[in-house]
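Please look through the structure shown here with the briefing that follows, which takes up the two parts of the protein and then the surroundings of its ligand.

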Amino acid sequence: MPVARLLRQVAGQMLGSPACGCWIATPPLQFLGTSPRQIPADANFHSALFSETDQPRILITGGLGQLGVGLANLLRKRFGKDNVILSDIRKPPDHIFHSGPFIYSDILDYKNLREIVVNNRITWLFHYSALLSAVGEANISLARAINITGLHNILDVEAEHNLRLFVPSTIGAFGPTSPWNPTPDLCVQRPRIIYGVSKVHAELMGEYYHYRYGLDFRCLRYPGIISADSQPGGGTTDYAVQIFHDALKNGKFERNLKPSTRLPMIYIDDCLRATLDVMEAPAESLSMRTYNINAMSFTPEDLAQEVLKHVPEFQITYNMDSVRQAIADIWPMNFDDSNARKDWGWKHDFDLPELVTTMLNFHGSDTRVAQVN
Ligand SMILES: NC(=O)C1=CN([C@@H]2O[C@H](COP(=O)(O)OP(=O)(O)OC[C@H]3O[C@@H](n4cnc5c(N)ncnc54)[C@H](O)[C@@H]3O)[C@@H](O)[C@H]2O)C=CC1
Ligand SMILES: CC(=O)[C@H](N)C(=O)O
């Protein structure tokens, strides 16, 4: 396996390196080979292949999930429609297919990835493909393949083609021994689900490639994300999206987490803006390569009370999902994102009241919300 081989080579180098730990700057000679999956000899990873005035050429993997289409829309407004390619292994609906470049890309197929990057002169890659927390626990071998092997392919293609790479991490990268309230950027990370383990692995591998070879890896740990026009893909925080749909379409909602389960959350517009901001931030402003971001923190009960202000007849019942509850019980309650705010000016716009109004207006502007407001 190329990454394992690469690690063995590094270990060999490290054993021969000075004990001061100052071995960061020079790639060992073994890396300067001819295999496309080794770090190229002329790599100078901070000088991008495009000049500062050029627009980046962007690939988004796993782009048909909850977040990818919104990210593509934002990036296309900023960099031009044709500079942003959305990709996935699923078939896109018509309106997405016709809204800008779409391509098939399986992150488990390294040659396919490389071909896309070369043929489209990709310079930035947003790696969104993943199996989320609940579906990951239901299919651990697939989660391991997509979230770990897939990530290795992405890192190899980043290294080979000198890409700026964004990989999202998550509140799920923490575990029962992490500080919960709040959780800082740097603390114990011992997650107990495959999703969390794979995300810690991604953080560490990306940072390792950055500090070892200067690769331009950037990562945000996202809270649970709430979106109006896209569906979540099988996570623990999905209830906070579903509740809005159910409030207006059915008038009732079945909660799967305890009323007191507090988790960090963010509205999708804030999350995607943060993603673009950190990718555009000057490298010198980034004191670290993996940042927490946050906007709000609430329980199912807090959210229900806020929805009830707008939809008073809304009925909420409870049917616990033991897998999701066990996951949520070991996740952070609050996220400390002060480093992101200090280093590159992160600031959220949506708190709980604005979130609820926006979501209800989206789902039912012609029904109950209109009557209440
Ligand atoms: N949605 C959320 O609340 C949060 C998301 N994140 C992270 O953000 C990223 C995007 O999340 P979502 O859009 O919510 O995920 P999602 O589960 O909705 O979408 C993931 C996409 O990956 C695609 N995919 C699966 N196997 C693939 C393969 N072999 N090759 C290429 N694509 C493949 C799926 O078809 C799907 O469209 C993920 O990495 C996730 O871990 C992090 C924290 C919170
Ligand atoms: C917080 C996440 O990473 C995701 N929404 C999940 O619940 O799995």
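Predicted model: local features only at pLDDT ≥ 70, side-chain atom pairs only at ≥ 80, totals over all residues.

Local features need pLDDT of at least 70 and side-chain atom pairs count only at pLDDT 80 or more, whereas totals for chains, interfaces and linings use all residues. Residues are numbered from 1 along each chain as its sequence is written, chains are lettered from A and ligands numbered from 1 in the order in which they are written, and side-chain values use heavy atoms, with hydrogens and water left out.

**The domains**

- The assignment, which is automatic or taken from a database, gives domain 1 as 34-226 + 268-294 + 334-344 and domain 2 as 239-262 + 296-328 + 351-372.
- Nine residues of domain 1 are in contact with twelve residues of domain 2, where contact means heavy atoms within 4.5 Å.
- The C-alpha centres of the two domains lie 29 Å apart.

**Around ligand 1**

- Ligand 1 is surrounded by 26 residues, each with a heavy atom within 4 Å of it, and the closest are Gln 66, Asp 88, Arg 90, Asp 106 and Tyr 195.
- An oxygen atom of ligand 1 is 3.0 Å from a polar backbone atom of Ile 225, while a nitrogen atom of ligand 1 is 3.1 Å from an N or O atom in the side chain of Ser 129.
- Of the accessible area of 830 Å² that ligand 1 has on its own, the protein covers 93%, by the Shrake-Rupley method with a 1.4 Å probe.

How values were computed
Polar contact = N/O pair within 3.5 Å; in protein donor to acceptor, adjacent residues only side chain to side chain.
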